[in-house]
Structures are given as structure tokens and as C-alpha cells.
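This briefing sets out the architecture and the charged contacts of the structure shown below. The points are grouped by topic.

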Amino acid sequence: MTASFVQRVCILGSTGSVGVSTLDVLARHPQRFEVVALTAHSRIDDLFAQCLQWRPRFAAVSDPQQAQQLRQRLRDAHCATEVLVGAGALCELAAHPDVDTVMAAIVGAAGLGPCLAAARAGKRLLLANKEALVVGGALFMQAVREGGATLLPIDSEHSAIFQCLPEDRAAWDARVAHIVLTASGGPFRTRDPATLASVTPDEACAHPNWVMGRKISVDSATMMNKALEVIEARWLFDLSPDQVRVVIHPQSIVHSMVVCRDNSVLAQLGTPDMRVPIAYGLSFPERIESGASQLDFAGLSALSFEAPDFARYPGLQLAWDTLRGVSGSTTVLNAANEAAVAAFLAGTIRFDQIHSVNARTLESVRIAPDEAATVDGLMQLDARSRQQAVQQVNRLAR
């Protein structure tokens with residue numbers, strides 16, 4: 001990419017934290033980027049304001065009634081943005097011929113379809129939706145290869161690994177022993193585990209370092225977010241489960257590390273600001289100003305590292321268990337966790353019961369032979385797993 005090339009961008013999930021940060025980076029480089037499409041699930045007021053500011057050709061929402069309301073509001077504001085509706089619209093926009101780059105910032109398994117559409121269409125795909133790989137795994141990576149897409153990870157940890165790996169993919173096996181994903185430990189790293197049953201949703205969402213949506217914030221508090229990142233890293237970098245490791249790093253300054261075969265360690269450091277990996281993905285292989293603060297080494301407190309406590313974070317072990325399990329196990333885990341977190345945020349189950357729902361769902365769902373070999377099979381498995389997880393929630397809520 002050269003500075004004279006205007007990148008045409010579609011942001012899936014533009015009203016979430018990653019989407020808003022993406023627009024912040026784009027606003028700093030108006031000569032390099034054009035916003036073609038914005039999508040949102042339910043924050044219609046926010047999407048309306050974004051459309052007025054950016055004047056994209058397209059916007060998309062999930063609900064037909066909200067779509068009609070948005071159309072009327074945009075007409076009244078003399079904004080010519082065309083409003084589309086439904087899951088099919090997300091796939092259409094992700095693969096649109098007038099889109100060069102897709103920021104996939106939709107949370108959950110709902111992002112798999114549009115991510116696959118972008119991959120098959122050969123887009124520059126900025127992947128902030130880890131569930132596309134957790135659910136899709138081999139199928140998703142096959143679509144990337146066959147479509148000729150450029151896949152760039154946006155999670156800070158995976159972006160850090162990507163930046164530290166050799167540019168020549170063929171050199172990875174010869175040089176890389178394993179990777180280390182860092183984790184902050186969330187808001188309850190030092191809290192007495194006996195008190196976790198009383199954790200409220202607001203407490204679980206109060207991350208000490210990052211500003212994120214509520215679902216991913218809860219995942220960070222349980223360390224399930226890191227479990228999903230272990231699964232994502234396995235597929236992104238074609239590693240064995242044993243080559244992906246985790247260390248607690250409360251300061252969130254070292255974003256992840258690559259350990260080489262000679263035991264030297266390569267790390268990427270920076271302030272905990274999602275605009276850094278977003279700017280890197282948008283400009284790769286160049287680098288552009290992100291808006292993030294510079295790291296002040298003189299003002300840093302000590303950087304500390306510790307082994308993860310699997311008794312405090314039992315969900316973390318499920319990453320390696322499902323990767324070594326029957327194909328499709330990671331799909332079951334993701335579906336169960338989405339249902340469990342939704343139940344916790346709704347006040348139906350306790351914080352410490354999220355892991356119980358996940359573990360029991362994994363035990364109870366039987367995966368049919370070759371069920372994970374097709375997208376339809378994965379979606380059926382996902383739906384069945386959610387149903388089983390809801391049953392587990394209902395049993396706990398009695």
C-alpha cells in the first residue's frame with residue numbers, strides 16, 4: 001500500500017469500542033481512507049451520528065424496524081446513506097467490490113459469516129472478532145488462503161505476535177519455539193476467590209487497563225477471553241496447542257512475546273490502547289500515527305509477570321482441552337460461554353457459575369462425525385450448544 005492509494009473501509013460493528021477506535025484512527029488520515037460502510041447491532045443513535053459525520057454509502061442494522069427508523073432519520077437529515085438490514089447485509093458489505101478493507105469488530109459467533117465472506121472475496125481483513133477462528137478454525141483459514149485475503153490480527157496480543165514473527169512464513173518453524181500471550185488478570189487477580197460468588201456485572205466490567213464492551217470485559221474477568229485467544233493463536237499462526245502459552249502481566253505494557261529456538265525473546269510493547277494494533281492493521285506494512293500516547297519508560301513502574309492461577313481461572317484450561325478434543329469442541333465452548341455470560345449480565349446466574357455452564361455444556365454436547373467440516377454443520381453445532389447451555393443456566397437458576 002502506498003500513501004496515494006485511498007483505502008475503502010467497511011467497519012462491521014462500528015459503534016463498539018473497536019469500531020469507535022477505528023474511526024478515530026481513520027479521522028487522523030483523511031487522505032488515506034474512505035469509509036464506505038458502517039454496521040451496528042442495536043446502537044442506532046450512535047450509528048446515526050456516525051453516518052452524519054462520515055457519510056458512508058451504506059449502513060446496516062439487524063432489525064427491520066430499526067432499519068426503517070434509521071432510513072427516515074437519515075432522509076430527514078439529508079444524508080444519502082443507503083440502509084441495509086439483516087445478517088445477509090453484513091456478508092454483502094464485507095464482500096462488496098467497492099470495499100478494500102474490512103474491520104471485523106462484531107462480537108461473538110455472529111461475526112463468522114461476514115468474516116468468511118470477506119476472506120473469500122480476498123479483502124484486507126482486520127480481525128478483531130476472535131470467535132471467527134474459535135468457531136471456524138480450519139474452515140476460516142482455508143477461506144483466507146483460497147480467497148487470497150490478507151489477514152491481519154487486531155487483538156493486541158495477536159498483533160504483537162504478528163509483529164514479532166519473521167516476515168517469511170517458511171522461517172517460522174525453524175526459528176520459533178513457542179509464543180507467550182500476556183494477560184492482565186482482569187479486575188479480580190488479587191481478590192479472594194471465596195468472594196467471587198458475589199461479583200456484580202458492573203464489577204466484572206471494570207477492567208483495570210482496557211476500555212471494552214461488557215461481554216469481552218466479563219471474559220477478561222474470567223480469563224475466558226484469554227482461552228479464546230489461545231485458540232485463535234493456534235489457528236492464526238498454525239501452531240500446536242503446546243506452542244501457545246500464557247503469562248499474567250498486570251501492567252498490560254508487554255502485549256505478547258515470541259520465544260525463539262535459541263531462547264531469545266522478541267516482544268512488542270506499548271501503552272494499552274487499541275488504536276495501536278488498529279493503525280498497524282490499516283497501514284501494514286507501513287506504520288501511521290495512531291493517536292496513542294508514547295510509552296514513557298522513565299515513568300513506568302516495575303513490570304511484573306506471574307504464572308496463571310488455574311484454580312482462580314478454571315476456564316483458561318478449557319482452551320487446551322478443546323483444542324486437543326474432537327473437532328468442533330471449540331465451537332461448543334464459545335457458544336456455551338456466550339450464553340453463560342449473557343445469563344450473568346442478566347442476573348440469572350452468579351459470576352462463579354459461568355465456568356460451570358461452560359464445562360457442563362462441553363460434557364453434554366455430542367459432536368457428530370464431520371459436523372465441523374462445513375459452515376452449516378458448525379452453525380447447527382453452535383445452535384445446539386447454545387440450547388444446551390441455556391438448559392444448564394436454567395438448572396443453576398432454580
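In helix α5, the buried residues are L112, P114, C115, L116, A117, A118 and A119; buried means under 20% relative accessible area, exposed over 50%, and partly exposed in between (1.4 Å probe, protein chains only). The model is predicted, so local features need pLDDT of at least 70 and side-chain atom pairs count only at pLDDT 80 or more, while totals for chains, interfaces and linings use all residues. Residues are numbered from 1 along each chain as its sequence is written, and side-chain values use heavy atoms, with hydrogens and water left out.

**Helix α5**

- Helix α5 spans residues 112-120 and has 7 of its 9 residues buried, so it is largely enclosed by the rest of the structure. Helices (H or I, at least four residues) and strands (E, at least two) are DSSP runs, numbered from the N terminus.
- G122 follows α5 and has a positive phi, near 75 degrees.

**The sheet and its helices**

- An open sheet is formed by 7 strands with parallel pairing, in the order β4-β3-β2-β1-β5-β6-β7; two strands pair if DSSP finds at least two bridges between them.
- The edges are held by β4 (82-85) and β7 (150-153), each with a single partner strand, so one side of each is left without a neighbour in the sheet.
- From one strand to the next, the twist averages 25 degrees. Axes are lines fitted to C-alpha atoms, for helices over the stretch in contact, and angles run from 0 to 180 degrees between N-to-C directions.
- Strand β3 (residues 58-61) pairs with β4 in the parallel sense over 4 bridges, and V61 has V85 in β4 as its bridge partner.
- Helix α1 (residues 17-27) packs on the sheet, touching β1 (7-12), β2 (33-39) and β5 (101-104); contact means heavy atoms within 4.5 Å. The direction of α1 makes about 160 degrees with that of β1.
- Helix α3 (residues 64-76) also packs on the sheet, where it touches β3 and β4, and its direction makes about 175 degrees with that of β4.

**Salt bridges**

- The whole structure contains 23 salt bridges, each defined as a side-chain nitrogen of Lys or Arg within 4 Å of a carboxyl oxygen of Asp or Glu.
- D98 and R8 meet through their side chains in a salt bridge (3.8 Å, N to O). D98 lies in the loop between α4 (87-94) and β5, and R8 in strand β1, so this pair ties together parts that are 90 residues apart in sequence.
- D98 is partly exposed at 24% relative accessible area, and R8 is partly exposed at 26%.
- E131 pairs with K215 in a salt bridge whose closest N and O atoms are 3.7 Å apart. E131 belongs to helix α6 (residues 131-136) and K215 to helix α11 (residues 214-222), so the pair ties together parts that are 84 residues apart in sequence.
- E131 counts as buried at 5% relative accessibility, and K215 is buried with a relative accessible area of 16%.
- The salt bridge between E157 and K226 has its closest N and O atoms 2.8 Å apart. It links distant parts of the chain, with E157 in helix α8 (residues 156-164) and K226 in helix α12 (residues 224-236), 69 residues apart.
- Both E157 and K226 are buried.
- A network of salt bridges links D24, R28, D273, R275 and E289.
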